[in-house]
Amino acid sequence: MNLRVPAISHDQSDELAALCKAGGDPLRLNVLRALSNDSFGVLELAQIFAIGQSGMSHHLKVLAQADLVATRREGNAIFYRRALPHTEQIGGKLHAALLEEVDGLTLPDDVRSRIGLVHRQRANASQDFFARTAEKFRAQQDLIAGLPQYRDSLLSLLDKLGFGADATAVEVGPGDGGFLPDLAQRFRHVTGLDNSPAMLELARAICEQKALSNVELKLADALANANVSGDCVVLNMVLHHFAAPAEALKQLANLLQPGGSLLVTELCSHDQSWAKEACGDLWLGFEQEDLARWAIAAGLVPGESLYIGLRNGFQIQVRHFQRPAGNTHHR
Ligand SMILES: C[S@@+](CC[C@H](N)C(=O)[O-])C[C@H]1O[C@@H](n2cnc3c(N)ncnc32)[C@H](O)[C@@H]1O
């Protein structure tokens with residue numbers, strides 16, 4: 001008898017098998033959980049899960065082969081993040097369902113505390129930078145993108161939002177305070193929050209020089225003990241200094257009054273790794289889609305955006321995200 005084996009299309013079943021294999025391991029599922037809102041380097045993940053670097057590299061390779069994680073080069077380091085599912089492709093629906101299930105997992109306490117440690121290491125590096133470089137701050141900022149390059153675009157977006165006479169604003173990380181006079185002119189009350197005493201002194205000098213009587217400056221970590229809220233929260237070139245930017249957007253959304261607006265001015269994703277050393281940047285800008293995705297996860301609704309190309313090759317994004325009038329705070 002001549003038995004004919006039906007032809008199997010290996011391409012597609014191989015892809016599906018790689019996905020199932022990658023998902024078939026508790027450690028890899030927990031890695032995907034840890035990457036739900038963050039990106040980490042291989043050394044950081046090895047530290048977080050308390051395994052050797054080569055073991056972690058192997059797991060990441062399996063996840064990458066199944067398109068469950070993607071990589072992004074940040075200077076000399078490679079950061080891993082979750083890849084987004086493409087539901088129209090083979091395995092896409094399974095991928096989406098897997099991530100949904102993974103998001104229901106609770107990471108073990110020791111893993112969560114080591115994630116906290118990695119975040120603190122990043123945040124300390126950023127804070128040390130501003131403590132050391134306050135006096136040459138403006139020159140340092142101008143290496144990449146200074147306020148004059150995005151001020152008009154930001155103001156045009158801000159003025160379109162039509163805030164009432166009683167509205168209040170919070171500027172997170174005002175740095176040397178260059179944008180505070182513009183805010184003071186437009187809002188009844190402005191709070192500037194900075195966690196660097198040296199930077200806050202620079203902002204204080206501007207407030208005194210311009211006699212800004214409606215600006216209050218507070219030494220505080222905007223992500224921990226801010227204790228303020230406003231109709232408008234402004235974040236100019238600050239997000240790339242935060243240890244966990246997606247998580248940070250959630251905290252910042254909580255500073256918004258219902259119906260309030262978050263205005264984020266940021267660098268678009270770039271590959272100028274010298275910015276890490278020279279400007280204390282933890283992240284080399286952000287993809288536009290990532291900011292929108294993180295804002296949506298923080299309960300915000302993306303509004304208008306402006307993009308500004310600079311002659312030095314950098315590109316700036318000015319983004320507006322709104323907190324719906326009736327929504328409760330995200331935790
Ligand atoms: C690159 S500077 C931007 C300054 C200003 N917004 C500008 O565009 O010129 C970043 C500022 O954010 C502050 N900063 C960083 N992390 C912070 C945090 N967690 N809470 C409050 N301020 C923070 C830094 O101290 C610094 O003043």
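Domain bounds, as used here, come from an automatic or database domain assignment. The structure is a predicted model, in which local features need pLDDT of at least 70 and side-chain atom pairs count only at pLDDT 80 or more, while totals for chains, interfaces and linings use all residues. Residues are numbered from 1 along each chain as its sequence is written.

**Exercise 1.** State which domains the assignment gives, and describe how they meet.

*Solution.* Begin with the bounds: the assignment gives domain 1 (10-107) and domain 2 (136-322). Next take the separation, for which the C-alpha centres of the two domains lie 32 Å apart. Then count contacts, where two residues are in contact if their C-beta atoms, placed from the backbone, lie within 7 Å; six residues of domain 1 touch eight residues of domain 2. Finally, sort by class, with Ala, Val, Leu, Ile, Met, Phe, Trp, Tyr, Cys and Pro as nonpolar, Asp, Glu, Lys and Arg as charged, and the others, Gly among them, as polar: the side of domain 1 that touches domain 2 has no nonpolar, three polar and three charged residues.

**Exercise 2.** Work out how helix α2 (residues 26-34) is set against helix α4 (residues 53-65).

*Solution.* Helices (H or I, at least four residues) are DSSP runs, numbered from the N terminus, as are strands (E, at least two). Axes are lines fitted to C-alpha atoms, for helices over the stretch in contact, and angles run from 0 to 180 degrees between N-to-C directions. The axes of α2 and α4 come within 10 Å and cross at roughly 75 degrees. Because of this angle, α2 is roughly perpendicular to α4, a term that covers 65 to 115 degrees. On the α2 side the contact involves Leu 27, Arg 28 and Val 31, which meet His 59, Val 62 and Leu 63 of α4. Sorted by class, this contact has four nonpolar, one polar and one charged residues.

**Exercise 3.** Describe the shell around the ligand by its members and their classes.

*Solution.* The ligand is surrounded by 21 residues, of which the closest are Gly 173, Gly 175, Ser 196, Met 199 and Ala 222. The elements giving two or more residues to this shell are α6 (109-133) and β5 (189-194). By class, the shell divides into 10 nonpolar, nine polar and two charged residues.

Definitions and conventions
Near = placed C-beta within 6 Å. Parallel < 35°, antiparallel > 145°, perpendicular 65-115°, else oblique.
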